[in-house]
Amino acid sequence: MAKQPHEVASMFDDVAANYDLTNDVLSLGQDRRWRKEVAKAVDARPAQKVLDLAAGTGTSSLPFTATGAYVVPCDFSLGMLREGRKRHPWLPLTAGDATKLPFADDVFDAVTISFGLRNVQDTDQALRELYRVTKPGGRVVICEFSHATWAPLRTVYEEYLMRALPPIARAVSSNPDAYVYLAESIQSWPDQPALARRLQQAGWTKVAWRNLSGGIVALHRGTKPQQ
């Protein structure tokens, strides 16, 4: 059963304190490698403006700041943002709804969202909003759980999501029920070609994707056409 936006926000508020640690444990450390691939794909440069949507505590924004880019971490969970301010008080952490971003048109050189698009109630509206706030010629990078391309791996992965993940989450998370919801949302998420089509429908061009970890995670990219 789908959760309402306020329910999802509350869920992330509850897991904020241990969120980064829990992700590290549940992904068997793979989330660090995935984030490195995101940083490479975004290819942030000094003085560029980067929007890091669904940034949580801001950990995902740090690789972009290291390049000299100006990064705006944005999230709808106030609990995540409060935790982020404790850890990274220099970051311009911003509260915002992915379907109605608090930014003007054509502001960012690059926009990115990692493991957050799946939790937005209106995916297509979020993709249109990311398009709106991106400069012509700018780029989008989406890192999201997807569908394993090799059938045996897909079977093992789905068993892990539904059987192993909940007890591990109970051991390390402050709100293990949140991770049951996340496991279910991963299974119902569109596959790689379907998400690519939705990016194109939102206006993005040069849309492509690359599978990570056998398709468990996919990195989608697109470009906003020059006007």
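**Reading the model**

Tutor: Strand β6 (residues 205–212) pairs with strand β7 (residues 217–223) in the antiparallel sense, over 6 bridges. Please keep in mind that this is a predicted model.

Student: Which residue is the bridge partner of W209 in β7?

Tutor: In a regular strand, side chains alternate between the two faces of the sheet. Here the partner of W209 is H220. The hairpin of β6 and β7 has 4 residues between its strands, and S213 takes a positive phi near 55° there.

Student: How is a helix read, and which residues of α6 are buried?

Tutor: An α-helix has 3.6 residues a turn, so residues three or four places apart point the same way. In helix α6 (residues 123–133), the buried residues are T123, A126, L127, E129, L130 and V133. Seen down the helix axis, the buried residues of α6 fall within an arc of 160°, so they line one face.

Student: What covers the buried residues of α6?

Tutor: The cover includes β1 (49–53), β4 (108–114), β5 (134–145) and α9 (192–201).

Student: How should I read the largest nonpolar core, and which residues have the most contacts inside it?

Tutor: In soluble globular proteins, nonpolar side chains tend to be buried together. The largest nonpolar core in this model has 25 residues, and those with the most contacts inside it are L51, F103, V111, L117, L130, I142 and W204. At least two residues of this core come from each of β1, β2, β4, α6, β5 and α9. The largest share, 4 residues, is supplied by α6. There is also a second, separate core of 20 residues, which includes F64, A110, V141 and L212.

Student: Beyond its neighbours within four places in sequence, which residues are in contact with W204?

Tutor: Among them are V111, L127 and L130, together with Y131, V140, L199 and G222.

Student: What surrounds T67, leaving aside its neighbours within four places in sequence?

Tutor: T67 is then in contact with A44, R45 and P46. R45 and T67 are 22 residues apart in sequence, yet their C-alpha atoms are 5.9 Å apart in space.

How values were computed:
Residues numbered from 1 in each chain as written. Predicted model: local features only at pLDDT ≥ 70, side-chain atom pairs only at ≥ 80, totals over all residues. Heavy atoms only, no water. Contact = heavy atoms within 4.5 Å. Buried < 20%, exposed > 50% of the residue type's maximum accessible area, 1.4 Å probe, protein only. Arc of directions from axis to C-beta. Pairing = 2+ DSSP bridges. Core = buried A, V, L, I, M, F, W, Y, C linked by side-chain atoms within 4.5 Å.
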